[in-house]
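Please find below a colleague's note on the model under review.

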Protein chains: 4
Amino acid sequence: MESFGASIQFDRRLASYDIQGSIAHAQMLAHCGILSKSDSEKMVKGLKEILASIGKGEFVWSGRLEDVHTHIESALREKIGDIADRLHTARSRNDQVVLDLRMYLKDEISKIVSLIQQFQKAFLTLASNNDDLIIPGFTHLQRAQPVLLAHHLLAYVEMLQRDGERLQDALRRLDALPLGACALAGTSFKIDRSFVAKKLGFSRILENSMDAVSDRDFVIEVASALAILGVHLSRLSEEMILWSSFDFGWIELPDAFTTGSSAMPQKKNPDVFELIRGKSGRLIGNLSRLLVMLKGLPLAYNRDLQEDKEAIFDSIDTVKASLSILIYLLPLIQFRPEALKEEEDFSSALDMAEYLVKKGVPFRQAHAVVGEAVSYCLDQNKTLKDLILIEVQKFSKYFESDFKNCLGWNASVNSKVSQGSTNPKLVKKEIEKWERRIQNTEDRRQNK
Amino acid sequence: MESFGASIQFDRRLASYDIQGSIAHAQMLAHCGILSKSDSEKMVKGLKEILASIGKGEFVWSGRLEDVHTHIESALREKIGDIADRLHTARSRNDQVVLDLRMYLKDEISKIVSLIQQFQKAFLTLASNNDDLIIPGFTHLQRAQPVLLAHHLLAYVEMLQRDGERLQDALRRLDALPLGACALAGTSFKIDRSFVAKKLGFSRILENSMDAVSDRDFVIEVASALAILGVHLSRLSEEMILWSSFDFGWIELPDAFTTGSSAMPQKKNPDVFELIRGKSGRLIGNLSRLLVMLKGLPLAYNRDLQEDKEAIFDSIDTVKASLSILIYLLPLIQFRPEALKEEEDFSSALDMAEYLVKKGVPFRQAHAVVGEAVSYCLDQNKTLKDLILIEVQKFSKYFESDFKNCLGWNASVNSKVSQGSTNPKLVKKEIEKWERRIQNTEDRRQNK
Amino acid sequence: MESFGASIQFDRRLASYDIQGSIAHAQMLAHCGILSKSDSEKMVKGLKEILASIGKGEFVWSGRLEDVHTHIESALREKIGDIADRLHTARSRNDQVVLDLRMYLKDEISKIVSLIQQFQKAFLTLASNNDDLIIPGFTHLQRAQPVLLAHHLLAYVEMLQRDGERLQDALRRLDALPLGACALAGTSFKIDRSFVAKKLGFSRILENSMDAVSDRDFVIEVASALAILGVHLSRLSEEMILWSSFDFGWIELPDAFTTGSSAMPQKKNPDVFELIRGKSGRLIGNLSRLLVMLKGLPLAYNRDLQEDKEAIFDSIDTVKASLSILIYLLPLIQFRPEALKEEEDFSSALDMAEYLVKKGVPFRQAHAVVGEAVSYCLDQNKTLKDLILIEVQKFSKYFESDFKNCLGWNASVNSKVSQGSTNPKLVKKEIEKWERRIQNTEDRRQNK
Amino acid sequence: MESFGASIQFDRRLASYDIQGSIAHAQMLAHCGILSKSDSEKMVKGLKEILASIGKGEFVWSGRLEDVHTHIESALREKIGDIADRLHTARSRNDQVVLDLRMYLKDEISKIVSLIQQFQKAFLTLASNNDDLIIPGFTHLQRAQPVLLAHHLLAYVEMLQRDGERLQDALRRLDALPLGACALAGTSFKIDRSFVAKKLGFSRILENSMDAVSDRDFVIEVASALAILGVHLSRLSEEMILWSSFDFGWIELPDAFTTGSSAMPQKKNPDVFELIRGKSGRLIGNLSRLLVMLKGLPLAYNRDLQEDKEAIFDSIDTVKASLSILIYLLPLIQFRPEALKEEEDFSSALDMAEYLVKKGVPFRQAHAVVGEAVSYCLDQNKTLKDLILIEVQKFSKYFESDFKNCLGWNASVNSKVSQGSTNPKLVKKEIEKWERRIQNTEDRRQNK
């Protein structure tokens, strides 16, 4: 039974939060006169020593005690004797464990938000490194219209921005002190919860003790934000895997991040991207796991809730590891422009249609005309650029000598003028906007 | 193939948004000189007629056309002829469909947020109707400490508040215009996206055209918020099912919301709560469905994305129906105080321990003493209240004549003083705070 | 409340099973002397008329009655009066609804198993149509070794075979009569459950009445088998989408199954495959939904269980529609061998290494030698086939004049000899084996 | 990168299978003349030594090598030098890893099937220990009809039987040798796959090399069977938690398996059941994770597949630990018959209705009559048993002096006669049937 219910193998990562929480609690108890000043100081001193010993890796984690809380209590009792028991005044495991988890998540979310920003910067670097590269944009994985690579990459910067904001919204929502809820009903000791909240850096306290110990929606919200982020990473990974395939051949991945066969030095397996794509399953699975765990539980604390930790720890570890490696890997990707085969595709077709619409041809008819021109090219084994005026006028008299201006990838991207489009000037501005925005955030963080 | 890819059976609910979007687009095209004023006016007139005909239920939804967009285009063409084709200038299905979905979600989230508030009010009503009722609070579904029913109910008000805030965060994030992204790259027409955004009430525009047509994280975020809400409802349902069972017998559900057997008029099946508990599966399943759909998709638009709609529609319908029925049902629940059996349980034990701690007994020892007293009672078939001073002093000399004051449910809840505790005065203030807060929000909404 | 709990909008598809079940029940009641023969005959006659009227589409499905059972009961009462009430003797909704669902699943699984076989035949047809086509086989989406297209396709035949077997195992397990369990405890009427089982074609009866009405694992098992099948289809879809992209260009999809743009006639969007890939989300979501629904439910019947039907109906509809369209589409796929670019890749490298190993070179060293040769080719812009003996002997003296025999896709696939390998003779035998096996199953089915 | 892709922290549990597979492979290579007999013997000897050293816990697992295969290869090379390299002839990581996983699953499924049987026996023991105990059977968690506790418990025996059969079906399906598939295409070495299959106890070989290395449906099928089993355990857990609550009070859990508070010795928290209920989330999450991982992967091997192991390992560990503890815990549960309150409920109402139906009263009318009687009792504060003939005849003249025979829990369960019902004689026979069946399986297993 003991080993079945034990959580020490995974909850020991909460140790420093548990100790900080206990220190604040001990100080508050003295502050409110519930504990003598000297007892409180002994506790704080003992707890700090334990924290230091954990930091130095000297603390002994025994399998005999079931969780992180009992380990620390037991160590404190060894240090200061029975006084240690008084630390549990006006506190219960139920509010203590959820305090630790909230403190942990606050820290981890901040780290992940910072990684997200570094990853956004990696995108901006890759974009700047290839700032005039045009690639085919896809719909249905069919070449549709040329776009700037930078424009494509900025789409991920947008996704990541939302991912970061979702995490920050979750952070704001979970930044509330549960301690003082005790088992479920509060306490008859005259404690000062705001004192503890201030000490631990919480911006407010939870206002209902039963909610404080029984709900885990804050964990699920984080898991959900991480799952969405993971799906975004799976999309990027899919593209990098595609682009580095022989048949695409658009990019070359840095050797240090691929595996291969000694017999096939040209074959570079995009393992990192495959693993990250696969790990989206893990993030989605962890989210399901948490939702199922909470389904149908009556108030207040139930032991089922212990199942919250491994899932969210795994999601956080997975996202941090994935982002950390991608931040290094991404800017090292080399593009092979010659593999893009601009001359072979017909992605200027829609530009040609817009040309005609502007000359007054109704939308549908313009499309039909261009369709005929493309078919003609396919028959004649020509590209649109090969066509001369006399040929295209067979399809529509609206073609004039300027029609060549709309052809080709360069012309295409430059012709775009709408806000948010792939127009190079607009894309450049977007890159600058993001660089400024990220710089500002970093400045703000450092000033804190 | 046609029927396989058709979406008209479910996307017709987007019709009014599709039309509003088209009207704004037509007006913008004229405003920017891309379309003649008279053509634009004909379009707008035609579209308004179609909207009206849909409102009156006269519009014919044919199975022959695959989606809502083609239905409306086709109807417009019948009304105003080939001019209708020009409406598709500087627009594509890819940005159009995601515009409709965002407009739809904005409306639906507002409705759900409003339902959530009404549901919070229902909790407040039920709490006020039973404002001095004390019930046993559970941990591990074991009776632990008495709490005010109102305190228990306020835990749900807190959860619902976060549910509403999550939805509003999602709303704020998705409140951005995708139109103008066109197929994926933007357009060479000099359109004015801000004009459209303003007409349609969007607070900003999406800044990257590829992101605009390819991402669906806004749908997943809403589905996630609704799944968490659904899990909260499953917890409430579980409690109501328990409480209305014969063995608990705490509550009586209103006849109109139960089913039963003519032979067993006393048996009232809590179907509504069972269905809502079961429907959490649907909400979690829809969330999984969306995440899986998006996993591993390269940019930009892929037809897989069509699978987004049925899932989110189902989640929204489910939540709206569940909340709507609960709003009516909840305040009608009748409590049966005689079934709570205060006299039989030992939930004052912890209060007795706190009594001793305050008298100077160390925490652990106090617990041990009370444990002995409880065991004694069980042996003697007594309750704690039955004990007299001379009996308890056998367990600890710290018991004094005031010890009876800490016994009983009333004493227990009144003894609590910590913020967020079940103390009746604090709970009363919490109810008032929530009433004010909800009133304020409603006032703000009406003033808008 | 009524509309909230109503299921008629989806459970009417069970009507014919409900009626068949009632007919068998009525006959059994007469057979056992619980009902008069004439009453039973009236019931049977009435029920058959209702069945016929449903078949002809004349039956009126009113929104007023909540489910399929009440509709049919009510119609029967209209036909034969109060006798209809006696049909409910020794039967309850709880065992009735699960009977209907089991009968429905038995039918649907048989249909899907048959579709799976037709789909396997479609693979065999496509394989035979391209029986000597060699394509690059991938690991990590990198070209690794050449394989016969037929060999690649047979991998799907294997997967589908297991999918079919899983469904048949589920069918065997769910092929048991629940009727007679009544509400949960059985009945005091001397009914004959085996009589009913035989009439309805069940191979046995469920032996525990509480299990019969409370469990839904048979639904989940089917949903799981369908989800795995859906994932297999998503893999095929991914490949077809890749192969039909411009950058691969390996295949051309039939026009009738693609969408496109009138301006870009060469762009054929693989919508069917995208939709099927996306629908894997639906199948996985439905599975989650059912598991969550059942989690934590006490015995016996709970109303939550009503949520089982929409999920499994949707999974069955999705799989049937997907398979039906793929059966037509698959054999129409055209391959473009010129796009495979055999001459450009180095997928013979591993064959060259095996050549050396057979000449006595240790495995690792052989790989290193070939690696050098490939690097040399890349430098010199040559292919392995371009190398002459004198060049390769610079890398290893073990190369002899026969070394060219191991080069090239044809040589590669022909060199394979192991069972299950891509050797053309073995692959041909596999195709024949599958053709025979499927033919045998079809013969057996027709003889039944 | 290395640590990101490393799997040694979890795949080392496959070590013994990896070594057994290598031994069989080395023997086959010699048997086929591909390797010299002496080289093969050296390999086998070295591998056996490594196996022994792992068994004794002496083997050093270095973080430096990424997976179990490289650890063992490296150890072998240290022992026997470069000969070790030849072991990789006609084998690849792709078929090797999936061999290990299949061997592992074969073993683990057998263990779990055996645990399931022991758990079924635990149910039979608990049933026999309380063989005449009648409890209220529920629908909608409302008391509906009395049933034998043994009958209730046998419902779980049925569920578990199907769980075991599902696992055995999965076992049968996955019991096929992948080795020899090599990277994806097979090999040009004349290997003998049947030789290896026989050595390793596989009943057949996989017939398609690409399928062998790329598919993981066998893992998902096992995960699905375990998830369903987990949901069954969650239902049992829910019931035990309910039954051990104060308000039910039906059972007492053994102290060794509960936690509590020293101050409240009467409060026994059913932690084991709560944890097991919560762990259903883990099992469902792992299933989702695997399905998502496989979604949309092209053939053949992709590195994403490495994500298969942690999920299935976790599901297997979870189920084994849960079953192991339940096998001990279940028979120790004590029932408190006095808490069942037979005299207070009206669960004989349906029996009274059946009484009337047998006297010739139509079904509906009988129900109405009983309903009136129940209402009368409620008004008069009587139970059905308190009624005398003259009272009931006010409701229906069909009541005769024998009507009391149908009242009471004993009468109720004894009146049931249908197969599968809760009739004590039938239930006794069922217990005996299960005892025989399990005994037979155990005998067969021991004879093997």
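1. Basis. This is a predicted model, in which local features need pLDDT of at least 70, side-chain atom pairs count only at pLDDT 80 or more, and totals for chains, interfaces and linings use all residues. Residues are numbered from 1 along each chain as its sequence is written, chains are lettered from A and ligands numbered from 1 in the order in which they are written, and side-chain values use heavy atoms, with hydrogens and water left out.

2. Interface of chains A and B. Chain B contributes 96 residues and chain A 95 residues to the contact, where contact means heavy atoms within 4.5 Å. The area buried between the two chains is about 8400 Å², and carbon and sulfur atoms give 55% of that area. Buried area here is the accessible area (1.4 Å probe) that two parts lose on being put together, summed over both. Across the interface of chain B and chain A there are 18 salt bridges, a salt bridge being a side-chain nitrogen of Lys or Arg within 4 Å of a carboxyl oxygen of Asp or Glu. One of them pairs Arg162(B) with Asp211(A), with 2.9 Å between the closest N and O atoms.

3. Interface of chains C and D. Here 95 residues of chain C touch 95 residues of chain D. The buried area is about 8400 Å², with 55% of it on carbon and sulfur atoms. Glu207(C), Arg235(C) and Leu299(C) account for 9% of the area that chain C buries against chain D, more than any other three residues. Between chain C and chain D the count is 18 salt bridges, including the one from Arg172(C) to Asp169(D), whose closest N and O atoms are 3.1 Å apart.

4. H11 of chain A against H11 of chain D. Helices are DSSP runs (H or I, at least four residues), numbered from the N terminus. Helix H11 (residues 271-294) of chain A and its counterpart H11 (residues 271-294) of chain D have axes that come within 7 Å and cross at roughly 155°. Axes are lines fitted to C-alpha atoms over the stretch in contact, and angles run from 0 to 180 degrees between N-to-C directions. H11(A) is therefore roughly antiparallel to H11(D), the term applying to angles over 145 degrees. The crossing of H11(A) and H11(D) is right-handed, that is, the near helix is turned clockwise from the far one by less than a right angle. Among the residues that make the contact are Gly278(A), Gly281(A) and Gly285(A) of H11(A), and Gly278(D), Gly281(D) and Gly285(D) of H11(D). By class, the contact has six nonpolar, ten polar and four charged residues. In this scheme Ala, Val, Leu, Ile, Met, Phe, Trp, Tyr, Cys and Pro are nonpolar, Asp, Glu, Lys and Arg are charged, and the others, Gly among them, are polar.

5. H11 of chain C against H11 of chain D. Helix H11 (residues 271-294) of chain C packs with H11(D) at an angle of about 175°, the axes being 11 Å apart. H11(C) and H11(D) are therefore roughly antiparallel. Ile284(C), Leu287(C), Ser288(C), Leu291(C) and Val292(C) meet Ile284(D), Leu287(D), Ser288(D), Leu291(D) and Val292(D) in this contact. The residues divide into eight nonpolar, two polar and no charged.

6. H10 and H11 within chain A. Helix H10 (residues 217-243) of chain A packs on H11(A) with the axes 8 Å apart and an angle of about 160°. H10(A) is therefore roughly antiparallel to H11(A). The contact of H10(A) with H11(A) comprises 17 nonpolar, five polar and four charged residues.

7. Salt bridges overall. The whole structure has 175 salt bridges over all chains. One case is the pair Arg277(D) and Asp304(A), at 2.7 Å from N to O. Arg277(D) lies in helix H11 of chain D and Asp304(A) in the loop between H11 and H12 of chain A, so the pair joins two chains.

8. Backbone features. The peptide bond from Leu299(A) to Ala300(A) is cis, with omega near -5°; Ala300(A) is in the loop between H11 and helix H12 (308-329) of chain A. In chain D, a cis peptide bond joins Leu299(D) to Ala300(D), with omega about -10°. Asn381(B), a residue other than glycine, has a positive phi near 55° and lies in the loop between helix H14 (363-380) and helix H15 (389-392) of chain B.

Methods. Parallel < 35°, antiparallel > 145°, perpendicular 65-115°, else oblique.
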